[in-house]
Amino acid sequence: MLMYRIPVQVGGGRDYTISIGMGLSALLPREIKAISRSCRVFVVTTRRVAEHHLGKWLEGMEKRGVEVGVLFMPVGERAKNLGIWSRLLREIAADDDERDVVVAAFGGGVVGDVAGFVAATYRRGVPYVQVPTTLVGFVDSSVGGKTGVDLPEGKNLVGAFHQPRAVIIDLDFLDTLPAREFRAGCAEVIKCGAALDGGLFRYLEEKHEEIRRRERAAVAYIVKRCCELKAMVVGRDERDELGIRAKLNFGHTFAHAFEAAGGYGRYRHGECVGVGMLCAGEISMELGMLSRNDFSRVEETVRRAGLPRRLEKLDTGDVMDFMRRDKKFRGGRSRFVLLRGIGRSVVMEGVPEALVRTAVRRRLRP
C-alpha cells in the first residue's frame with residue numbers, strides 16, 4: 001500500500017521521488033525498468049538483511065525479467081571503508097557484461113552510503129536506487145545523494161554527491177529492526193524537529209509512546225515529515241554551498257568525533273547524534289541563544305527515545321582531536337549547528353574551543 005510520494009527536486013534532469021508505504025516490493029522492478037529496459041542490477045546488502053527480507057524482493061524482480069546479482073558486505077560502521085568499496089567495485093566489474101548497470105542499496109545507512117559511492121564511481125557514475133531497511137535510512141541517509149566511506153582519520157572523508165534515481169521506503173522493514181537500531185534512528189528524527197520544525201518536535205513530545213511502540217500511523221508521519229524537510233533542504237542547497245543543508249548536521253560534528261574516538265564500533269551513529277545534540281544545546285545555552293526550558297525539552301525527548309545522554313569510556317582529548325579533523329571545520333575554525341529555539345537553527349563559526357571542550361567533557365563518563 002503506497003501511502004506517500006514526496007518529490008526531491010534537484011534540477012538538471014535528476015529529480016526523483018521518495019515512495020513511502022507498506023508491501024512495496026513490486027515497486028522496485030518498476031523503478032528499475034524506468035531507468036533501463038535492459039540492465040543488470042547489483043543489489044548491495046548484508047546477509048542479515050537478506051535473510052529477513054531479500055527473498056520476496058528478488059522474486060518480484062525476477063518475475064518481471066530483471067536480471068539480478070547480489071553482493072554482500074559486512075554489518076556496521078566499520079564496513080564503511082575503502083577496502084569494502086574496492087571489493088564491491090571489483091565484484092561488479094567481474095560480472096559486468098557491458099549492459100546498463102544499476103545498483104540497488106538494500107540495507108541501513110552504511111549500506112546506502114557505500115553502495116551509493118560504488119554507483120558514483122563505477123564507470124564514472126551509474127544509476128542507483130535506495131531501499132533503506134532501518135529508521136535512520138528512512139529519515140536521513142537514503143535521501144540527498146551524500147555517498148562515501150570513512151578513513152581512520154575521520155568519518156565521511158571520502159565520498160561524492162550522487163543522487164539516487166528513486167527511494168523506496170517500506171515500513172514493513174521495521175517489524176524485524178532491533179530495538180537499539182530503532183532508537184538510534186529516532187535521533188535523526190529528533191534532529192529534524194529540533195533544528196528545522198517545531199511542529200514535528202511537538203509531535204515527538206506528544207506521540208512518544210506511539211512511536212516507541214512503532215505504531216504505523218505515528219511512524220509513517222514522522223518518516224514522511226523528515227523526508228519532506230530533507231527534500232526541501234536538498235532542493236535548495238544540494239551540495240551544502242549555501243549553509244542551508246548544514247543545518248541537517250545538528251549534533252553531527254560531535255557525533256562523528258564520538259564515533260571515531262570509539263573506533264566506529266562502540267556506539268551507533270544515532271546514539272552519538274543524541275549526545276551530540278545535547279552538547280550543541282548546552283553551547284547554545286551558554287551563548288544565550290537557547291532557553292533552559294527549550295534545552296530541557298530536547299534532553300527529555302532524547303531520554304524518552306531511549307537514547308543515552310552520556311557516553312562511556314571515551315577520552316575528551318581524543319574526541320577534540322577528531323573534531324578538529326572534521327570536514328565541517330574551515331580554515332581551522334569550528335563550525336557548529338546551534339539552536340535559537342526549538343525548530344530554529346543557525347550555523348556558527350568560531351565557537352570558543354573552551355565551550356566545546358566543556359560540553360564534551362560533561363557528556364562523557366570515564
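This is a predicted model: local features need pLDDT of at least 70, side-chain atom pairs count only at pLDDT 80 or more; totals for chains, interfaces and linings use all residues.
Helix α3 itself covers residues 82-94, and its 13 residues reach 18 Å from the first C-alpha to the last, close to the 18 Å expected at 1.5 Å a residue. The residues buried in α3 are Ile-84, Trp-85, Leu-88, Leu-89 and Ile-92. They lie on the same side of α3 because they cover an arc of only 135° around the axis. Turned away from that buried side is a face of α3 that carries the exposed residues Arg-90 and Ala-94. At the start of the helix, a side-chain oxygen of Asn-81 reaches to within 2.9 Å of the backbone nitrogen of Gly-83.

Another part of the model to examine is the second largest pocket, which has a volume of about 230 Å³. Its lining is made up of 15 residues, and those that lie nearest the centre of the pocket are Cys-186, Ile-211, Arg-212, Arg-304 and Ala-305. Two or more residues of this lining come from each of the helices α6 (179-196), α8 (208-212) and α12 (292-304), and it is α6 that gives the most, with 6 residues.

Methods:
Residues are numbered from 1 along each chain as its sequence is written. Side-chain values use heavy atoms; hydrogens and water are left out. Helices (H or I, at least four residues) and strands (E, at least two) are DSSP runs, numbered from the N terminus. The expected span of a helix is 1.5 Å times one less than its number of residues. Buried means under 20% relative accessible area, exposed over 50%, partly exposed in between (1.4 Å probe, protein chains only). The arc is that of the directions from the helix axis to the C-beta atoms. A polar contact is a pair of N or O atoms within 3.5 Å; within protein, one must be able to donate a hydrogen and the other to accept it, and residues adjacent in sequence count only if both atoms are side-chain atoms. On a 1 Å grid over the protein atoms alone, a cavity is a set of points where a 1.4 Å probe fits but cannot get out, and a pocket is an open set with protein on both sides within 12 Å along at least five of seven lines; lining residues have an atom within 4 Å of a point. Grid points are joined across faces, edges and corners, and a volume is the space filled by probe spheres set on the points.
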